[in-house]
Amino acid sequence: MSQTITIDPVTRLEGHGKITIQLNSQGEVEHAHFHVTQVRGFEKFSEGRPFYEMPSLMARICGICPVSHLIASARACEAIMSIRIPRTAAQLRRMLNLAQMIQSHALSFFYLSSPDLLLGMESDPKTRHIFGVVAAKPEVGRAGIALRRFGQHIIELLGKKRIHPGWVVPGGVTEPLEPAKRDEILAMIPEAYANIALALAAYKQIADRFRAEIEVFANFQSNYMSLINEDESIEFTVGALRIIDSSGNVIEDGILADKFPDFIGEAVEPYSYTKFAYLKSLGYPEGSYRVGPLARLNIVKSMGTPLADKELDEFKELANGPVQSSFHYHHARLIEILYGIEKIEEILTDPLILDKHVRAIAGVNRLEGAGQAEAPRGTLHHHYKVDENGLITWANLVIATGQNNNAMNKGVLQAARYYVKDGKFTEGVLNRVEAVIRAFDPCLSCSSHAFGQMPLVLTLVSKNGEVVDQVIR
Amino acid sequence: MTEPKVRCLILACGNTLRSDDGIGPWLAQWAQERFGDDPNIRVISRQQWTPDLAEDIAQAESVLFIDCSIESAPGSLRVIDVEPSAPMQGLATHHQGAPELLALSCDLYNTQPRKASLLTIGAGSTELGETFSEPVLDAIPEACRLLEETILNSLRDGDHCK
């Protein structure tokens with residue numbers, strides 16, 4: 001008799017999803033699926049809106065990474081306007097995007113995943129959360145909260161709001177940086193360095209305890225994609241896309257936003273509202289690939305900043321070629337936080353950052369435009385078509401979580417096959433299967449939330465619908 | 001943690017697009033205008049209370065949380081003392097309650113305010129909208145009086161402690 005295990009909802013994620021694990025009559029895992037259970041509809045309800053409203057509308061997709069949506073959307077609008085934005089505006093946007101990356105990575109690592117990493121996958125779920133981390137490792141808790149605050153405060157200083165800032169507009173940003181704000185951010189930098197150094201040291205101390213998880217947490221060969229600079233250093237805001245295979249060979253390079261649809265296709269599956277992106281040259285599902293911190297660090301040759309470059313060298317020693325285990329997303333996230341702090345400091349010490357020319361003005365000069373940027377969890381692609389009046393007639397968004405969708409499903413199956421034995425599961429097994437998804441830090445729908453307490457129920461159901469076993473958290 | 005302590009921190013919470021849920025931010029704005037020049041008073045208004053506020057709490061002698069309540073009768077006002085309390089269930093990463101924030105402040109920074117209170121206003125509606133329900137509109141004058149009284153009391157209590 002076959003059985004189904006359902007984890008619904010998956011906890012400590014941005015948004016709401018569920019996992020089902022199908023067992024065969026021998027109690028072995030046959031299939032596993034990660035379901036995104038919400039429909040959003042942004043592509044449809046933006047139709048008819050003026051193109052210049054798009055950045056603000058698209059930012060509402062997500063409460064964690066609105067800045068990346070702002071930037072990808074503004075770049076698509078700038079393609080419609082046929083303009084290049086002032087250099088200072090580009091640097092200010094870069095700083096804003098890095099600040100967002102820092103706060104989002106801090107949320108993912110410290111709030112969502114450090115309870116598993118520092119307290120243990122099998123620790124009591126009643127205390128396996130940030131409060132538990134604070135009680136057991138207060139210095140790590142303080143560092144995590146302070147790093148998130150650091151990123152959020154920069155966003156608030158520049159964009160006037162921590163969430164959904166409206167500062168980024170088609171053509172640049174709405175106003176230049178004031179010297180007092182620059183000085184305030186620079187004054188916060190030393191503490192941020194101390195906090196990320198502490199976090200990296202703490203992570204390296206405990207990483208070896210997770211050899212089994214490293215082995216089976218979405219640990220397989222795949223392709224990778226991310227933005228990269230011409231000098232092969234990491235890039236979040238401009239640049240072009242590079243795709244590498246599982247051995248590290250470059251299979252596509254220099255992909256600008258308008259060429260993205262030539263290389264990337266989107267498939268749908270009946271069990272999820274999130275699309276499944278794939279490389280057209282390899283087809284679906286063979287052309288699946290990963291994006292986000294692991295992909296970025298696998299692709300780049302350097303971070304372009306001294307401290308992060310040392311960490312990157314160490315990271316690349318984890319494997320002979322691309323680092324394949326998705327458990328290492330956690331490590332990559334910390335290295336990117338360090339890079340973000342260094343880069344923000346570098347940007348702010350350039351006198352041109354206070355330049356007053358931060359916005360270019362134009363109307364509709366093309367009827368189609370596309371833009372791309374790196375969100376904390378991976379590449380974002382926005383593609384719009386407009387009529388002569390600049391009203392949106394068609395929009396398509398390819399988001400990071402859709403690009404990692406195949407890998408997450410494959411990873412859940414790999415972990416379930418390893419941990420679920422004879423049709424039995426424990427709370428610790430349940431948590432590990434969820435933790436595979438957490439490693440990717442997917443953003444399912446940050447702007448929708450359940451009201452009140454979120455229950456977690458894992459149910460074993462027989463083929464005829466009978467509940468065989470249930471664990472309720 | 002090098003900044004001097006403020007005498008009274010006002011921490012409001014609510015969504016201004018969800019009718020009466022916006023009463024917390026509205027009262028925070030009122031307090032900002034009423035006490036904005038007083039360096040002893042700091043006002044923070046957020047859509048949600050998040051863990052980073054623990055540091056602000058640690059830097060305050062007293063804290064007054066302001067929120068709407070869906071459990072109280074519409075328009076009813078309450079001021080209650082708040083004690084630190086760690087969450088018994090899994091933590092919501094986006095939002096904490098006042099007792100959890102106090103506990104977090106204590107765990108992280110080994111300090112907590114001398115006094116912590118919560119002012120709640122019973123919500124009549126939390127549907128989409130930018131206006132308050134009749135009961136909440138009627139309660140606003142008394143809510144402002146109670147808010148002012150609570151703030152002034154906390155400042156006076158601080159003087160007695162010196």
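This is a predicted model: local features need pLDDT of at least 70, side-chain atom pairs count only at pLDDT 80 or more; totals for chains, interfaces and linings use all residues.

**Exercise 1. Aromatic pairs**

Task: State how many aromatic pairs a search of the whole structure finds over all chains, and classify the geometry of Trp49(B) and Phe65(B).

Solution. 
- Step 1. For Trp49(B) and Phe65(B), the ring centres are 5.3 Å apart and the planes make an angle of 70°. Centres within 6.5 Å qualify as a pair, and an angle over 60 degrees counts as edge-to-face. The pair of Trp49(B) and Phe65(B) is therefore edge-to-face.
- Step 2. Trp49(B) belongs to the loop between β2 (41-46) and α2 (53-58) of chain B, while Phe65(B) belongs to strand β3 (residues 60-69) of chain B; the pair thus links distant parts of the chain, 16 residues apart.
- Step 3. Trp49(B) and Phe65(B) are both buried.
- Step 4. In chain A, one aromatic cluster is formed by Phe109(A), Phe110(A) and Tyr203(A).

**Exercise 2. Charges over rings**

Task: Which ring lies under the charged end of Lys410(A), and over which face does Arg34(B) lie?

Solution. 
- Step 1. The charged end of Lys410(A) sits over the ring of Phe220(A), at 4.5 Å from the ring centre.
- Step 2. Arg34(B) lies over the face of Phe35(B), and the distance to the ring centre is 4.4 Å.

**Exercise 3. Salt bridges**

Task: Give the number of salt bridges over all chains. Then locate the partners of the bridges formed by Lys204(A), Glu213(A) and Arg242(A), and decide whether the partners are buried or partly exposed.

Solution. 
- Step 1. A search of the whole structure finds 34 salt bridges over all chains.
- Step 2. Lys204(A) meets Glu314(A) with an N to O distance of 3.2 Å. Because Lys204(A) is in helix α7 (residues 179-206) of chain A and Glu314(A) in helix α11 (residues 306-316) of chain A, this pair ties together parts that are 110 residues apart in sequence. Lys204(A) has a relative accessible area of 31% and is partly exposed; Glu314(A), at 37%, also counts as partly exposed.
- Step 3. Glu213(A) bridges to Arg432(A), with the closest N and O atoms 2.8 Å apart. Glu213(A) lies in helix α8 (residues 211-216) and Arg432(A) in helix α15 (residues 427-440), both of chain A, so the pair ties together parts that are 219 residues apart in sequence. The cut-off for buried is under 20% relative accessible area. Glu213(A), with 4%, is therefore buried, and Arg432(A), with 12%, is buried as well.
- Step 4. Arg242(A) and Asp253(A) meet at 3.0 Å, N to O. Arg242(A) is in strand β7 (residues 240-244) of chain A and Asp253(A) in strand β8 (residues 250-255) of chain A, 11 residues apart. Arg242(A) counts as buried at 8% relative accessibility, whereas Asp253(A) counts as partly exposed at 42%.
- Step 5. Salt bridges with shared partners join Arg149(A), Arg42(B), Arg46(B), Asp52(B), Glu55(B) and Asp56(B) into one network.

**Exercise 4. The second largest pocket**

Task: Describe the space in the second largest pocket and the residue classes of its lining.

Solution. 
- Step 1. The second largest pocket holds about 860 Å³ of space.
- Step 2. It is lined by 25 residues, of which Arg75(A), Glu78(A), Ile83(A), Arg84(A) and Val238(A) are the closest to the pocket centre.
- Step 3. Elements that each supply at least two lining residues include α3 (66-81), α4 (87-119) and β12 (368-375) of chain A.
- Step 4. By class, the lining of this pocket comprises 8 nonpolar, 8 polar and 9 charged residues.

Terms used:
Residues are numbered from 1 along each chain as its sequence is written. Chains are lettered from A and ligands numbered from 1 in the order in which they are written. Side-chain values use heavy atoms; hydrogens and water are left out. Rings of Phe, Tyr and Trp (its six-membered ring) pair if their centres lie within 6.5 Å; planes under 30 degrees apart count as stacked, over 60 as edge-to-face and the rest as tilted. Helices (H or I, at least four residues) and strands (E, at least two) are DSSP runs, numbered from the N terminus. Buried means under 20% relative accessible area, exposed over 50%, partly exposed in between (1.4 Å probe, protein chains only). A charge sits over a ring if NZ of Lys or CZ of Arg is within 6 Å of the ring centre and within 35 degrees of the ring normal. A salt bridge is a side-chain nitrogen of Lys or Arg within 4 Å of a carboxyl oxygen of Asp or Glu. On a 1 Å grid over the protein atoms alone, a cavity is a set of points where a 1.4 Å probe fits but cannot get out, and a pocket is an open set with protein on both sides within 12 Å along at least five of seven lines; lining residues have an atom within 4 Å of a point. Grid points are joined across faces, edges and corners, and a volume is the space filled by probe spheres set on the points. Ala, Val, Leu, Ile, Met, Phe, Trp, Tyr, Cys and Pro count as nonpolar, Asp, Glu, Lys and Arg as charged, and the others, Gly among them, as polar.
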